[in-house]
Amino acid sequence: MTEFTFNRARSVAVTGHRVLGKDINKQRLDEIFRKLVDSGVNIFYIGMALGFDTMCFQVLEKIREEKDIKLVACIPCPSQPMRFNFEQKREYERMVKSADIKVIISNEYTPTCMQKRNEYMVDRAGILISYLRRDYGGTKNTVDYAKKVGVTIYNV
């Protein structure tokens, strides 16, 4: 696992569902992220999953064109995109190349590598931006963990 200097007070992690509802809005995400950047946040931890993670990465890439922020691709294991379709794999590979920092949590898939990735991100962030619409699953587990360790959570 790659380590680097981080400042929890200036770091944000994101978590959300792979399937997004009609209530999600890129413009609203852009506004939220810009406010965070203007308040001093400059590191964003992204789990590189489909759906919310991908949308956040894309929005943050555009902000990075204007602001000095770092995007940290938190990859649970190298086989993460194995079941993605062709377009999803292509976008995933593009995003990984675009990331400022790449962190691989496990060298191979394990039943816990996704949760370990989520905990890695939360352990380094002062704020968690979530897109949580169900009371089960990985996003719910990540939000619960963030509550347990005292991270500020904003559900969008």
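Analyst: Helices here are DSSP runs of H or I with at least four residues, and strands are runs of E with at least two, both numbered from the N terminus. This is a predicted model, in which local features need pLDDT of at least 70 and side-chain atom pairs count only at pLDDT 80 or more, while totals for chains, interfaces and linings use all residues. Residues are numbered from 1 along each chain as its sequence is written, and side-chain values use heavy atoms, with hydrogens and water left out.

User: Where is Met 48 found, and why is Met 48 called buried?

Analyst: Met 48 sits in the loop that joins strand 2 to helix 2. Its relative accessible area is 1%, and buried means under 20%, against over 50% for exposed and partly exposed in between (1.4 Å probe, protein chains only), so Met 48 is classed as buried. Its phi is near 65°, a positive value in a residue other than glycine.

User: What makes the largest nonpolar core a core, and which residues touch the most other members?

Analyst: A nonpolar core is a set of buried Ala, Val, Leu, Ile, Met, Phe, Trp, Tyr and Cys residues joined through side-chain atoms within 4.5 Å. The largest one has 32 residues, of which Phe 33, Phe 44, Met 48 and Ile 129 touch the most other members. Among the elements that each supply at least two residues of this core are strand 1 (11-16), helix 1 (26-38) and strand 5 (127-131), while helix 2 gives the most, with seven. Another core, of 18 residues, lies apart from it and includes Ala 13, Tyr 45, Ile 101 and Ala 125.

User: Is Lys 62 buried or exposed, and what value shows it?

Analyst: Lys 62, which lies in helix 2, has a relative accessible area of 54% and is therefore exposed.

User: What makes Leu 128 buried, and which residues does Leu 128 touch?

Analyst: Leu 128, in strand 5, counts as buried because its relative accessibility is 1%. Leaving out residues up to four places away in sequence, Leu 128 touches several residues, including Val 14, Val 122, Ala 146 and Ile 153 (contact means heavy atoms within 4.5 Å).

User: Which residues make the contact of helix 4 with helix 5, and what is its make-up by class?

Analyst: Among the residues that make the contact are Gln 115, Asn 118 and Val 122 of helix 4, and Asn 141, Tyr 145 and Val 149 of helix 5. By class, this contact has four nonpolar, five polar and two charged residues.

Terms used. Ala, Val, Leu, Ile, Met, Phe, Trp, Tyr, Cys and Pro count as nonpolar, Asp, Glu, Lys and Arg as charged, and the others, Gly among them, as polar.
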